[in-house]
Amino acid sequence: MRILIIEDDREAAAYLSRALQESGHGPDHAADGEAGLHMARNARYDVLIVDRMLPKLDGLSVLKALRADGNETPALILSALGQVDDRVEGLRSGGDDYLAKPYAFTELLARIEVLARRRRPEDAETVVRVGDLELDRLAHSVKRGGTNILLQPREYRLLEYLMRNAGKVVTRTMLLEEVWDYHFDPQTNVIDVHISRLRSKIDRDFGEPLLQTVRGAGYMLRNPMPA
Amino acid sequence: MQRLRTILSITAVRLSIVYTLVFGFVAVVIVLYMTGATANLLRRQIRESINIEMVQLDRIYAQSGINGLIRQLERRAAAPGANLYVIAAPTGSIIAGNVDEIETEVLGRIGWTFRPFEYSRFSADGQSRHAAVARVSELPNGMRILVGRDLGEPEKFRSLVARALILSIGAMLLVGLLTWVLVGRRALKRVELVSQSTNRILSGERHVRLPVTGSGDEFDRLSSGLNSMLDRIGLLDEGLRQVSDNIAHDLKTPLTRLRNKADAAMIASGANQQQALQEIIADTDQIIRTFNALLMISRVESGSSAAELSSEDFSAIILDVAELYEPVAEEEGFVFETSIEPGLKVRGNRELLAQAVSNLADNAIKYGRSDNNLARISFTLGREGEHAVLSIADAGPGIPAQDRQKVTERFARLEQSRSRPGNGLGLSLVAAVAQLHSGMLEFADNEPGLKAILRIPLEKKIRGAGE
C-alpha cells in the first residue's frame, strides 16, 4: 500500500516509515501540513496517517481541505489528545479513524490495513464468506458448512466485523470501538472472553479453526485453505 | 513629589480631599444665604421703623406746628446712636437736625433712597463720613423732613459674617488635612504591612498570614478573607503534592521493574529475549494507561467535558456494560445477576458513564470474592426519587467503613488490594464522573460484601415533549 505520513516529529516519522516498510508498505513522509496537503493532492495514496498538531497547517485543516476537494483517501489521525471530544472533533473534520499517542505499532498497522479496504465495494455484499463460514447480512444468519449457528446480537456484530476484515489483524481496542463503541480500555480481558465464546460457537464443532489469536496484537479470522 | 503622588494615590486621601471640597462648598453656600437673608431682614426692619417715625412726626407737626416738630426732632437727634434727622427748606438748605452735610439729590427726591448715600454728622469724634439710607417727606408748607438710618451696624454685621466664614472654612480645611494625614498614613501603613506579608509569602514563607488587628475594620475583613483563601490554597497545594508524591512513587516501581527487564533482555537471547521485550512493552503500556487515567480524571474533574452531556438512556448504557462483563464474570466463577429498570434517561456522557460502570464491574471481579461466600455479582438499576440508582454488589471482603471515604482518592489502595494488579485510579474516575453528572458515588455494606452505589439525577422531562 502507498501510505503518506504527515508528521513533524522526524524521529517518530522515521520509525514509522521503517516499520511500515518492513511490513511491506510504501510510505512517503511530509514534515508539515502544507507539504502534506501538496503531496496528498498530487499523488494517489491508499491511506493517510496525519498527525494532528503540525507546523504551517494543522492536521485537521489538511483533512478538511482534502475532503473539500472531493479526495476521499482514508485517513488515520494521530494525536496526543485522546479524549472523547477530541476524537469526535477529529472524525468530524474528515478523519476515518483516530489513534491516541503513544500507540503500539501493531495497533496502527491493524488499523491502516482495515482502513484501506473500508470503502471497497464488496463491503456492500449481502453474504460474506470465509472458508465454509457464511454470514448473511439480510437474514442476520450465520452458517458453517451448512449448519445454522445461533449467535447473540453482539456476537453477530463481532463476527461480522471480523469477517468483513478477514485476513487482517484486528486489535482488542478496534473491537471495543467498532462493536461496543467504547473508547476506553477495560482493566479486565473482557474482549478475550467474548472471542472465546464466539470461537466455541463457530470453531469448536467444525474441523479447521478460523478465528486465530495473533500474539501481542489481536485476532484474525482467516481461511486456512485459500482457494 | 514622588511621595506626594503616593499619598494622592491612596483612596482615603482622595476621599478626604473630596469631602473637604464638598463640605467647604456647602458651608459657603449656607453662609452666603444666611448673610443675604439677614441683610434683607435688617433692611426691612430699618424701613419699618423709619415709616413709623415718619407717621409720628407727621402727627406732631399736625398738633404743634413746625416749631413743635423742630423741638421734637432736636430732642430725638440728641439721643445717642440715633437715626438721622433733617428738616430742610424747600431749597434744600438744612434748617435743623443732626446732619452736617448730605448729598443734595437725596433731599431733592421725595420718598426712599435705598442706595446707601454718604453724609457727615456732628459727633464727638469730629466730623466723619458715614453711609445711610433715608426717607424724605414734604410738609404742607413745602419744607422737607428726612429720617434715615446709619448703616454702620449692618456693615459691622457683614464683616462679622465674613470673619466667621473664613474661620469655619479654615477649620474645615484643617480638619480635612488632619483626616488626610491620619487616615491616609494609617491606610498607607496597613497596606505596607499587607504587601510586606505578601512578599514574604511569595518568597516562599508559605505559613505567613496577613496581619489582622482585631478592630474588625475593612482591612481586617479583607485580610482574614485573603488568609482563609491562603489556607484553602495551602490545603489544595498539600493535596496536590501528595498526589504528585504518589505518582512519583507509583511510577518508580514499574519504571524500576522496566529497567531491570531491559537489563535482562540485553543479556538474554532468542526466545527469551523476545519474551523479555514483550514484557517490557506490556509494562510500558501499563504506565501509559496510568498516565491516561490520571489525565482523564483531571479532565473530568475540571468539568471540561460537561459541554458534551446529552440526553442518554442510562438503562441501555448499564445493560451494555453488564453484557460486556457477563462472560468474564462467569468465566471467573461468579454468579452474575442483573435487574435493570428500562428507560431511565439522564443527562450525561455515554462514554464516561460506561467507563465508570465498567471500572466498578472491574473492581467487583477483581475484589468481589471471598473464601466463605458464594461468588456473586449483581447489577441493580432502579429509580429513587429524582435519581437513577445503580448498585453493583459483590460478596467479597468489602471496604471497612472508615476507608470508604479514602478509596476514591487518587492512588489510594487498601492493604489487601496492594498485591493485585491495578493503579488505584479506577474509583477516583468513578467519583469524578459522578460529580460531573451532579450525582454521587457511595459505598455500603452488602452483608457480606461491598455495594457500590452510583446515583445520577434523572433527566427532567421537558413539558410538552409527551411520552
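In chain A of this predicted model, strand β8 (residues 141–144) is joined to strand β9 (residues 147–149) by three bridges, and the two run antiparallel. Helices (H or I, at least four residues) and strands (E, at least two) are DSSP runs, numbered from the N terminus, and two strands count as paired if DSSP finds at least two bridges between them. Lys143(A) has Asn148(A) of β9(A) as its bridge partner. The two strands form a hairpin with two residues between them, and Gly145(A) in the turn has a positive phi of about 55°.

On its other pairing, β8(A) meets β7(A) in the antiparallel sense over four bridges. Leu133(A) has Arg144(A) of β8(A) as its bridge partner, and Leu135(A) stands opposite Val142(A). This is again a hairpin, with four residues between β7(A) and β8(A); His140(A) in the turn has a positive phi of about 55°. β8(A) has a covered face, Val142(A) and Arg144(A), and an uncovered one, Ser141(A) and Lys143(A).

Strand β7 (residues 133–136) of chain A likewise has Leu133(A) and Leu135(A) on a covered face, with Glu134(A) and Asp136(A) on the uncovered one. β7(A) is also joined to strand β6 (residues 127–130) of chain A, antiparallel, by four bridges. There Asp136(A) is the bridge partner of Val127(A). β6(A) and β7(A) form a hairpin with two residues between them, where Gly131(A) in the turn has a positive phi of about 60°.

Another group of strands in chain A makes an open sheet of three, in the order β10-β12-β11, with antiparallel pairing. β10 (170–171) and β11 (211–214) of chain A stand at the edges with a single partner strand each, so one side of each has no neighbour in the sheet. Two bridges join β10(A) to β12 (residues 218–221) of chain A, and Thr171(A) stands opposite Gly218(A) in β12(A).

Turning to a helix, α2 (residues 33–42) of chain A has Gly33(A), Gly36(A), Leu37(A) and Ala40(A) as its buried residues. A residue is buried if 20 or more other C-beta atoms lie within 10 Å of its own, exposed if 12 or fewer, and partly exposed in between, with C-beta atoms placed from the backbone. Seen down the axis of α2(A), the buried residues fall within an arc of 100°, so they line one face of the helix; the arc is that of the directions from the helix axis to the C-beta atoms. An α-helix has 3.6 residues a turn, so residues three or four places apart point the same way. Among the elements that cover the buried residues of α2(A) are β1 (2–6), β2 (26–30), β3 (47–51) and α3 (59–69) of chain A.

The contact between the chains takes 20 residues from chain A and 21 residues from chain B. Two residues are in contact if their C-beta atoms, placed from the backbone, lie within 7 Å. On the side of chain A that touches chain B, α4 (84–92) and α8 (190–202) of chain A are the elements that give two or more residues. α8(A) gives the most, with four residues. The residues of this side divide into eight nonpolar, eight polar and four charged. Here Ala, Val, Leu, Ile, Met, Phe, Trp, Tyr, Cys and Pro count as nonpolar, Asp, Glu, Lys and Arg as charged, and the others, Gly among them, as polar.

Residues are numbered from 1 along each chain as its sequence is written, and chains are lettered from A and ligands numbered from 1 in the order in which they are written. As the model is predicted, local features need pLDDT of at least 70 and side-chain atom pairs count only at pLDDT 80 or more, whereas totals for chains, interfaces and linings use all residues.
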